[in-house]
Amino acid sequence: RRALGGIVFSPDKPDALPKLNSIVWPAIQELALAEMKKMKSGGAEVVVMEAAILLEAGWDAWVDEVWVVMVPEDVAKQRLMERNSLSEDDALKRIRSQMSNPE
């Protein structure tokens with residue numbers, strides 16, 4: 001995961017992240033939809049889906065409500081640096097590859 005992050009967040013490879021997303025997102029979508037169907041057929045009245053890319057991937061069409069948690073960039077950066085042992089620059093690359101809080 002660390003090696004892949006170094007590739008997809010590299011300014012030298014601007015097409016790497018979209019390419020990875022085009023491969024991974026459909027597989028995740030298939031798994032998520034299957035799990036939601038399984039839960040609903042098992043009698044679940046409420047299914048909660050936590051997905052950082054929910055809006056970007058267009059998966060919000062599957063849900064009745066979307067709850068958003070916003071974190072200030074400096075807090076997100078610090079968490080990433082501590083959790084993933086990233087440099088400040090690498091943490092910011094990851095944060096800025098996602099939708100911003102105002103978006």
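This is a predicted model: local features need pLDDT of at least 70, side-chain atom pairs count only at pLDDT 80 or more; totals for chains, interfaces and linings use all residues.
Reader: Why is Lys77 called buried?

Author: Buried means under 20% relative accessible area. Lys77 comes in at 17%, so it counts as buried.

Reader: And Val75, what makes that one partly exposed?

Author: Val75 is also placed in helix 3, residues 73–84. Partly exposed is the band between the buried cut-off of under 20% and the exposed cut-off of over 50%. Val75 has a relative accessible area of 30%, so partly exposed is the label.

Reader: How do you know that Glu73 and Arg96 form a salt bridge?

Author: The definition asks for a side-chain nitrogen of Lys or Arg within 4 Å of a carboxyl oxygen of Asp or Glu. For Glu73 and Arg96 the closest N and O atoms are 2.9 Å apart, and the pair passes. Glu73 sits in helix 3 and Arg96 in helix 4 (residues 88–96), so this bridge ties together parts that are 23 residues apart in sequence.

Reader: Why is Arg96 called exposed, and what is Glu73 called?

Author: Exposed takes over 50%. Arg96 has a relative accessible area of 56%, so it qualifies. Glu73, at 35%, counts as partly exposed.

Reader: What makes Asp89, Asp90 and Lys93 one network?

Author: Take the pairs in turn. Lys93 bridges to Asp89, with the closest N and O atoms 3.3 Å apart. Those two are 4 residues apart in helix 4, so about one helical turn separates them. Lys93 also meets Asp90 in a salt bridge at 3.8 Å, N to O, which falls within the 4 Å limit. Asp90 and Lys93 are 3 residues apart in helix 4, again about one turn. Salt bridges with shared partners join Asp89, Asp90 and Lys93 into one network.

Reader: How many salt bridges does the structure hold?

Author: The structure holds 4.

Reader: Last one: why does Ser10 count as buried, and where does Ser10 lie?

Author: Ser10 lies in the loop between helix 1 (2–8) and helix 2 (16–41). Its relative accessibility is 16%, so with a cut-off of under 20% Ser10 counts as buried. The Ser10 side chain also reaches the backbone nitrogen of Asp12 at 3.1 Å, and a polar contact needs N or O atoms within 3.5 Å.

Terms used:
Residues are numbered from 1 along each chain as its sequence is written. Side-chain values use heavy atoms; hydrogens and water are left out. Buried means under 20% relative accessible area, exposed over 50%, partly exposed in between (1.4 Å probe, protein chains only). A polar contact is a pair of N or O atoms within 3.5 Å; within protein, one must be able to donate a hydrogen and the other to accept it, and residues adjacent in sequence count only if both atoms are side-chain atoms.
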